[in-house]
Amino acid sequence: MKLNLLSCDAQRPDRRAIAQCIVELSTNIDQSLANELTDILLEGDAVEIEVEDKDTASALRALRKLSIDYEILD
């Protein structure tokens, strides 16, 4: 399943926690790419990641905990 991460509404976003979440959820992203994607997301641009279908519920819950708005692409 593909997710489009739209924005982060947290008052003080935790860059390290967001990057770690992206690494754990995605199927093909390493730590350095996750750091870059986190920076892009926090600057206000959308980021697309792919999540394995079996991890969907936990992925969405983790994103909500970090105040990340997302949309499901497929």
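**Notebook: fold, surface and R16**

I started with the radius of gyration: a compact globule of 74 residues would have one near 11 Å, and the chain has 11 Å, which agrees. I note that this is a predicted model.

I then looked up the extent of the chain. Taken along the principal axes, the box filled by the C-alpha atoms is roughly 30 × 20 × 20 Å.

Next I went through the secondary structure. I find three helices and three strands in the chain. Reading along the sequence, I get the pattern β-α-α-β-α-β.

I looked up the contacts between residues at least 6 apart in sequence. Of these, 71% join residues at least 24 apart.

On burial, I have 32% of the 74 residues in the chain as buried. For the surface, I noted an accessible area of about 4600 Å² for the chain. Carbon and sulfur atoms account for 43% of that surface.

I turned to charge. The chain carries 8 positive and 16 negative charges. I find their mean positions 9 Å apart.

I place R16 in helix α1, which covers residues 15–25.

Conventions: Residues are numbered from 1 along each chain as its sequence is written. This is a predicted model: local features need pLDDT of at least 70, side-chain atom pairs count only at pLDDT 80 or more; totals for chains, interfaces and linings use all residues. Side-chain values use heavy atoms; hydrogens and water are left out. Helices (H or I, at least four residues) and strands (E, at least two) are DSSP runs, numbered from the N terminus. The radius of gyration is taken over C-alpha atoms; the globule rule is 2.2 Å times the number of residues to the power 0.38. Buried means under 20% relative accessible area, exposed over 50%, partly exposed in between (1.4 Å probe, protein chains only). Contact means heavy atoms within 4.5 Å. Accessible areas come from the Shrake-Rupley method with a 1.4 Å probe; for residues, only the protein chains shown count as cover. Lys and Arg count as positive and Asp and Glu as negative; His and the chain ends are not counted. The place of a charge is taken as NZ of Lys, CZ of Arg, CG of Asp or CD of Glu.
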